[in-house]
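Please read them with the coordinates open.

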Amino acid sequence: MDTQRMTQGLPQNSPSADRQLGSDSVLVNRYLIQEVIGVGGMGSVYRARDLHFPNVVKLVAVKEMIIQTRDPQVRETIVLNFEREANILATLHHPSIPRIFDYFSHDERSYLVLEFVNGKDLEDVLAQSDTPLPEDQVVRWGIELCDVLHYLHSHTPEPIIFRDMKPSNVMVNQEGHIVLVDFGIAKTFRVGQKGTMIGTEGYSPPEQYRGEATEQADVYALGATLHHLLTKRDPRIETPFTFNERPVRKLNPAVSAEVEAVVATAIQYSPQDRFPTAVAMKEALISAGTKTGILSRLSSSIVNVKKEETIKPIWTFETEDEIRGGPVFDNGLLYIGSYDHNMYALNATDGKFVWKFPTDGGIVTRPAFSEGLVLFGSEDGLLHAVTARTGKISWTYTTGGPVRCSPRVAEGHLFIGSDDGFMHAVNVLTCRRVWTYDTGGPVRSMPFVQGDNLYFGCEVGDVLCMDFRGGIRWRFKTKRGVSASPVFHKGAIYFTSLDGTLYAVDGKSGWAVWRFRMNKGSISTPCIVDNFVIAGSADGFIYCVDASSSKEIWRFKAEHQVSGSPIVHKDSVYCGAADGNLYCLEYRTGRLRWKFPTGGPITSSPTVYNDILYFGSADHILYALLV
Amino acid sequence: MLDFIRKVFKSGGDHQATKPTIETAPLSDAQLQVVAKVEISLNPPQFAVGSGQSVGRQRDHNEDTLFCLTAVIADGQRDLPVGIFVVADGMGGHQHGEVASSAAARTMVEHMLTRIYPALFAMSGNGLEESIQEIMEAGVKEAHRAVVRMAPGGGTTLTAALVVGEQVTMAHVGDSRGYFIHPDGRTQVVTQDHSLVGRLQELGQINEKEAMNHPQRNVLYRALGQPEPFRPDINSFQFPTPGYLMLCSDGLWTMVPNQEIFRIVTSAKSLPEACNDLVAAANEAGGPDNISVVLVKYLH
């Protein structure tokens, strides 16, 4: 059974290079082949000089078609179709359609001689651009393309449906005008047989696969082309017919809503929901283009804030210096440390002061709570264990340097890192050191305990997996420090590094499962919800990444470095940034709900209890918001 | 008072002295397993594997390729079972189908092996240079290049799994499938078929009946060897324990329904036998296409 491979028109037994026409060869004694300018589905396209005009250099494009089949019947049908279409082309006169000068068959192949278009096709233009193409350029081209489609659709006696609209079939000439190329002489052969594979091109509408092609099919393909130009997202790579998952403005906020709406209408899956004609689409584009020429466009750095609802805190509590660590809740009391050297205990409901405990150094981390004790480190080098009820010291543990790490209590052990370079394991009952491990640099990353494994990062850049006896199970190296804490989820740990990467590492083997690159380093501890990993970065974005596929689900641009760590409560994610704002986003879409301004950077993660969100800011204040 | 307390806490010896001694012969592990259907604990954790392949009843030659490899390196500190499993279903007629699937499978495996090899045996306990997903994505690219080079005009599906301990990462293009078979009867497809008709169905453009008779029902919108750019699906999961990982070509899943797959896999005496029975079932149902299947279980 002859299998038709539609998009690669090469004869079965020899590579194309051997059978391409060579430079300086002369075809049928008239066309001097200069060079190959493209490889099409059925053969090559050459730039050639028409020697019938010896006194001038008349350049033409020679399009070659090599017929695959050995079946003489099929071959004859193909040639006839080719001639029929060439005849139609000969009757078309439009500035966006290249003129056809000649057609003939020679040496088992067929040739079309066309007007040579000096320019690039839009696929090349897009590839050479780092960003999506400018909106006004795309709108202008869109209008010209609607114009030529309308011309084809109004052809008599039969309307011509182009059926192959895509960036590689649209050339831009030296004057910046578009020219449609490839009138799909090969289109008649897109019949799949058993086991055959065809690329869908991604620009074709669903009904084209049922064999229906109408004007609306060209409208769809044009919409798909514009979508690709405005987003730089190739629809052939994506799952077919998923444009609704990639609205233009989501990927390119610089595009106006009016133009997005035109594109969205054109790429509706049901033909009746699209523009009924190319003329209708052209008018819509003109209207959108006029409007956006008048209105000032939104700048891309502005956040999509709808109405800024004013959120008022239930209570606030002011300390005497920056609050850099997060609070912990237990039994109606909220415990929070401040750079003013004190650990405070406040009534969680009304913020009333209960007690404070002074140390000799700033407290920059979150306390842990265990067995009636509030446990926390201070820059005075000590781990303090204070009785929660009374605020009186119970015991202390000494390390060799300032403690800027939040402690973790598990299985009767307390684990805390210190700037002295060690991870300390302390028995909570005896208050004695059980073991220490020298990492070679400060340890500020709060350890995560899963089963009998301890995971934490250090400033040297390593992430370690240790057992409770102080033995190393594995070590994972990143290129810069890991200050934030790792989080465990379904067999893997997730953490960010100052090297700008969000890592997923298998908990048992220490092998990286995937790496997600952000633009700058991060000190944000990720939070995990619904198989999404959410973390912030110094590049100003909060990212949401799928834990299985490592694909970005959304990203949110904050106005400054995202120095805090996110948490999720109900269907929102809350995260603080260096601009002092606490952002509240919908965690599924990354859409901003509101932001709450404070007077200084927020570097910790908030805590939620009983629908009250507690967080501290460098403006010295602890806030309690109702969410 | 003390007596009462002793009785409550059974700290007295009298209680035990009055019991008659009855001896029972302990049941052997094998006897227990048959009766209790409980998994025995194994150390180090390792994989059991089976594979099966058949040309089917209607094709005259086989264009599928399958590959299985497992390894364990264990020292009590860090036990690492590793597995590589691949199924590729070639298409294109003439001689290109099997050349395509073979080139893709071999290239993919070679790429994965060379990248994880140093990490498996490194003394330093350091892991991989790149991440597993990056290795798999690059492997698929290499495999695609190999298909274009060695089988021009041909194409193939590729479904590959790299398993490290309980972490499974699958790279997938086409309509071969990866399944997780759970002991409660759920057969979960963990790959997405890149079939045009499947997508049209999802969109509501055609119904199931139209899909079965659609002229392009065998058309894939993504396959290795195609000239358009594409991206493989790469996803990481936890190995279903207890449960099975199964990879197969469409010659199996289009012919044997899920309940039947579950019944065969859970009633066979060994994984190789299960694979044999699965292939037989597909042939029994007509065998219109080549059939390949790989079955893996994580034992610990």
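1. Basis. This is a predicted model, in which local features need pLDDT of at least 70 and side-chain atom pairs count only at pLDDT 80 or more, while totals for chains, interfaces and linings use all residues. Residues are numbered from 1 along each chain as its sequence is written, and chains are lettered from A and ligands numbered from 1 in the order in which they are written.

2. Confidence in chain A. The pLDDT (the predictor's confidence in each residue, from 0 to 100) averages 85 in chain A, and 90% of the residues score at least 70. Residues 1–18 of chain A have a pLDDT below 50, with 39 contacts in the model beyond near neighbours in sequence. Two residues are in contact if their C-beta atoms, placed from the backbone, lie within 7 Å. Residues 294–308 of chain A also stay under 50, and the model has ten contacts for them beyond four places in sequence.

3. Chain B overall. Chain B contains ten helices and eleven strands; helices (H or I, at least four residues) and strands (E, at least two) are DSSP runs, numbered from the N terminus. Of its 300 residues, 48% are buried. A residue is buried if 20 or more other C-beta atoms lie within 10 Å of its own, exposed if 12 or fewer, and partly exposed in between, with C-beta atoms placed from the backbone. Among contacts in chain B with a separation of 6 or more, 71% are between residues 24 or more positions apart.

4. Cores. A nonpolar core is a set of buried Ala, Val, Leu, Ile, Met, Phe, Trp, Tyr and Cys residues joined through C-beta atoms within 7 Å. The largest has 177 residues, and those with the most contacts inside it include A:Val505, B:Ala104, B:Met108 and B:Leu278. Helix H4 (residues 96–121) of chain B gives this core its largest share, ten residues. Another core, of 43 residues, lies apart from it and includes A:Cys146, A:Ile161, A:Val248 and A:Val255. Beyond four places in sequence, B:Leu278 is in contact with B:Gly52, B:Leu252, B:Val256, B:Ile261, B:Ile264 and B:Val293.

5. Helix H7 of chain A. Which residues of helix H7 (residues 257–266) of chain A are buried? They are A:Val259, A:Val262, A:Val263 and A:Ala266. Seen down the axis of H7(A), these fall within an arc of 95 degrees, so they line one face of the helix; the arc is that of the directions from the helix axis to the C-beta atoms.

6. A:Arg408. This residue is in strand S19 (residues 408–410) of chain A. A:Arg408 counts as buried because it has 21 C-beta neighbours inside 10 Å. Leaving aside neighbours within four places in sequence, A:Arg408 is in contact with A:Ala368, A:Phe415, A:Met446, A:Pro447 and A:Val449.

7. Sheet S15-S16-S17-S18. These four strands of chain A form an open sheet in that order, with antiparallel pairing; two strands pair if DSSP finds at least two bridges between them. The edge strands are S15 (368–370) and S18 (393–398) of chain A. Three bridges join S15(A) to strand S16 (residues 373–377) of chain A, and A:Ser370 has A:Leu373 as its bridge partner in S16(A).

8. Sheet S31-S32-S33-S34. This open sheet of four strands in chain A is also antiparallel in its pairing, with S31 (527–529) and S34 (552–557) of chain A as edge strands. Strands S32 (residues 532–536) and S33 (residues 541–546) of chain A pair over five bridges. The bridge partner of A:Ala535 in S33(A) is A:Tyr543.
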